[in-house]
Amino acid sequence: MKSKMKLYFFIGLFISVINISLRAQVALTLKSNESVLSVEGTSTLHDWEMNVEQMEGNILISSIDKIESIQQGGEISFKVKSLVSEHSLMNKKAYSALNEDKYPIIKGRIIRVFSVAGVQKVELELSTAGVTKVITSNFKSSRLNNNQIKVNGYFDFKLTDFDIDPPVALMGTIKTGDAVKVKYSLVFEVE
C-alpha cells in the first residue's frame with residue numbers, strides 16, 4: 001500500500017513539473033512581413049545587398065516579460081530564391097553559387113542563447129549549400145507590445161567557409177568578395 005502511494009505521489013509530482021515547465025514557455029512565430037534579413041558583400045565593381053523577401057521561423061521564450069530569455073530550439077528558414085537583389089544577373093549567379101537546385105532552403109537553428117558581460121549572444125547552426133556551420137552573433141531584443149518582440153543583430157562569415165565559390169561575372173572581370181555580413185531585424189509574435 002505504501003509503495004503504491006509513493007508511486008502515485010511521484011507520478012503526480014512528475015505531471016506537475018511537466019505542466020509547470022510547459023506553461024513556462026511561450027512560443028512565438030516570425031512575422032515575415034515585419035521582419036528584415038539581408039546579406040551584404042563587396043565585389044570588384046560595387047558593394048551589393050540581397051534581401052530575403054519571405055521567411056519562416058519561431059522561437060521559445062520563458063516569459064513574454066523576460067525577452068532576454070530566448071531558449072534553444074528556435075529557427076529561421078527561407079528559400080534561396082527568396083533572396084533577391086535589384087539585379088537579375090546577380091540573383092542567378094547567387095542561386096547557382098548556393099547550389100539552389102540541390103539545396104533550396106537556408107536554415108538557421110538556435111543552439112543556445114547566452115550572455116557575456118551583459119551582451120546577449122546566440123549560437124546558430126547555419127545550413128546553406130549543403131554545409132552546416134556554427135555561427136555566433138551578438139543581438140539585442142526589445143518588447144514591442146504585449147505579444148511581440150524584436151530581435152536585431154548581425155554576423156559575418158566567409159562564403160568559402162561553406163564551400164561556396166564567390167560568384168564571378170563577365171568572364172571573371174567582376175568578382176564577388178569572400179566576406180559577407182548578414183543583418184537581421186526580426187519580429188516575433190505570440191502564437
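Here, a residue counts as buried when its relative accessible area is under 20%. By that cut-off, Phe155 and Phe157 are both buried in this predicted model.

**Aromatic rings**

Searching the whole structure turns up three aromatic pairs. One of them is Phe155 with Phe157: planes under 30 degrees apart count as stacked, and these two rings sit at 25° with centres 6.2 Å apart, so the pair is stacked. Phe157 also pairs with Phe162, this time edge-to-face, and both of those residues are buried. Here are the two pairs side by side:

| Pair | Centre to centre | Angle between planes | Arrangement |
|---|---|---|---|
| Phe155 and Phe157 | 6.2 Å | 25° | stacked |
| Phe157 and Phe162 | 5.0 Å | 70° | edge-to-face |

**Charges over rings**

Rings also turn up with charged partners. Arg112 lies over the face of Phe114, 3.9 Å from the ring centre. Lys181 has its charged end over the ring of Tyr154, at 4.1 Å from the centre.

**Helix H2**

Now for H2, which covers residues 88–97. Which of its residues are buried? They are Met90, Asn91, Ala94 and Tyr95. Looking down the axis of H2, these buried residues fall within an arc of 130°, so they line one face of the helix. Lys92 and Ser96, on the other side of H2, are exposed. The cover over the buried residues of H2 includes strand S3 (48–52) and strand S6 (83–84). After H2 comes Asn99, with a positive phi near 55°.

Methods. Residues are numbered from 1 along each chain as its sequence is written. This is a predicted model: local features need pLDDT of at least 70, side-chain atom pairs count only at pLDDT 80 or more; totals for chains, interfaces and linings use all residues. Side-chain values use heavy atoms; hydrogens and water are left out. Rings of Phe, Tyr and Trp (its six-membered ring) pair if their centres lie within 6.5 Å; planes under 30 degrees apart count as stacked, over 60 as edge-to-face and the rest as tilted. Buried means under 20% relative accessible area, exposed over 50%, partly exposed in between (1.4 Å probe, protein chains only). A charge sits over a ring if NZ of Lys or CZ of Arg is within 6 Å of the ring centre and within 35 degrees of the ring normal. Helices (H or I, at least four residues) and strands (E, at least two) are DSSP runs, numbered from the N terminus. The arc is that of the directions from the helix axis to the C-beta atoms. Contact means heavy atoms within 4.5 Å.
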